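Subject: Structure for your review

Hello,

The structure we discussed is below, followed by notes on what was found in it. Please read the notes with the coordinates open.

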Amino acid sequence: VGFVIIGELEVMKTPPPGAVKEVLLDRKTGNGILTSALKDGEGLTGSHRARLTAWDMLTVEEFLQGKSTRKYSERFAALLPNGDTDTIRKVYTEEVTTLARAYEIYTDHTSRGLEGCVAKSPDSLWKDGTAKDIVKMKLKFEAEYRCIGLFEGEGGVGLVAGAAGTT
């Protein structure tokens, strides 16, 4: 029986001679490199490598059905039973019991340039689409825009907006 690993493909910059640690590239840069590699059909250069950070694993049958009846804790435990490799690793996970601790982790992640974190119940079941018992903790901010024009498009009316206070 096959399986489907769910995660995010990241790009690592290999260290220069004499240095030991690789550097995880930010998402925008990494995605640009991956897009280029796909377009060229040549793969990544010697100075970059791809790594998958995984957070879930389903059977092919579960994935095709769009749901799993196994708890997240069971699926996560089955992921990489022999440990991380050079090309795939389990996502950092910490069990928390308070919202305050979840915010501490979120603050640490965003202060290091990461996007945020995800809070999941160990009992949650996987289902394709939006899950009610999984919470993404990401930076959110408000912005004001001024409408500076409308245009008619194929599917209706479009909006042209400019940042408030700009011309």
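**What was found**

At a relative accessibility of 40%, F63 counts as partly exposed. The residue sits in helix α2, which covers residues 60-65. Together with V60 and L64, F63 forms a nonpolar patch on the surface, and the accessible area of the three comes to about 290 Å². Please keep in mind that this is a predicted model.

**Overall make-up**

The protein has 167 residues, of which 22% are buried. There are four helices and 10 strands, and from the N terminus on the elements run β-β-α-β-α-β-α-β-α-β-β-β-β-β. The accessible surface is about 12,500 Å², with 56% of this belonging to carbon and sulfur atoms. Among contacts between residues at least 6 apart in sequence, 50% join residues that are at least 24 apart.

Strand β1, residues 3-13, pairs with β2 in the antiparallel sense over two bridges. M12 has L24 in β2 as its bridge partner.

**Salt bridges**

A search of the whole structure gives 10 salt bridges. Three residues, E10, R51 and R89, are linked in a network of them.

Because E10 lies in strand β1 and R51 in strand β3, the pair ties together parts that are 41 residues apart in sequence. Both of these residues are buried; for E10 the relative accessibility is 12%.

The side chains of E10 and R89 also meet in a salt bridge, at 4.0 Å from N to O. This pair links distant parts of the chain, with E10 in strand β1 and R89 in strand β5, 79 residues apart. R89 has a relative accessibility of 25% and so counts as partly exposed.

What do R101 and E104 form with their side chains? They meet in a salt bridge of 2.8 Å, N to O. Both residues lie in helix α4 (residues 99-111), three residues apart, which is about one turn of the helix. R101, at 29% relative accessibility, counts as partly exposed, and E104 counts as partly exposed at 48%.

**A backbone point to check**

L80 is not a glycine, yet its phi is positive, at about 50°. Where does L80 lie? It is in the loop between α3 (72-78) and β5. L80 is buried, because its relative accessible area of 18% is under the 20% cut-off.

Regards

Terms used. Residues are numbered from 1 along each chain as its sequence is written. This is a predicted model: local features need pLDDT of at least 70, side-chain atom pairs count only at pLDDT 80 or more; totals for chains, interfaces and linings use all residues. Side-chain values use heavy atoms; hydrogens and water are left out. Patches are made of residues with over 30% relative accessible area and no salt bridge: like charges are joined within 9 Å, nonpolar side chains (Val, Leu, Ile, Met, Phe, Trp, Tyr) within 5 Å. Accessible areas come from the Shrake-Rupley method with a 1.4 Å probe; for residues, only the protein chains shown count as cover. Buried means under 20% relative accessible area, exposed over 50%, partly exposed in between (1.4 Å probe, protein chains only). Two strands pair if DSSP finds at least two bridges between them. Contact means heavy atoms within 4.5 Å.
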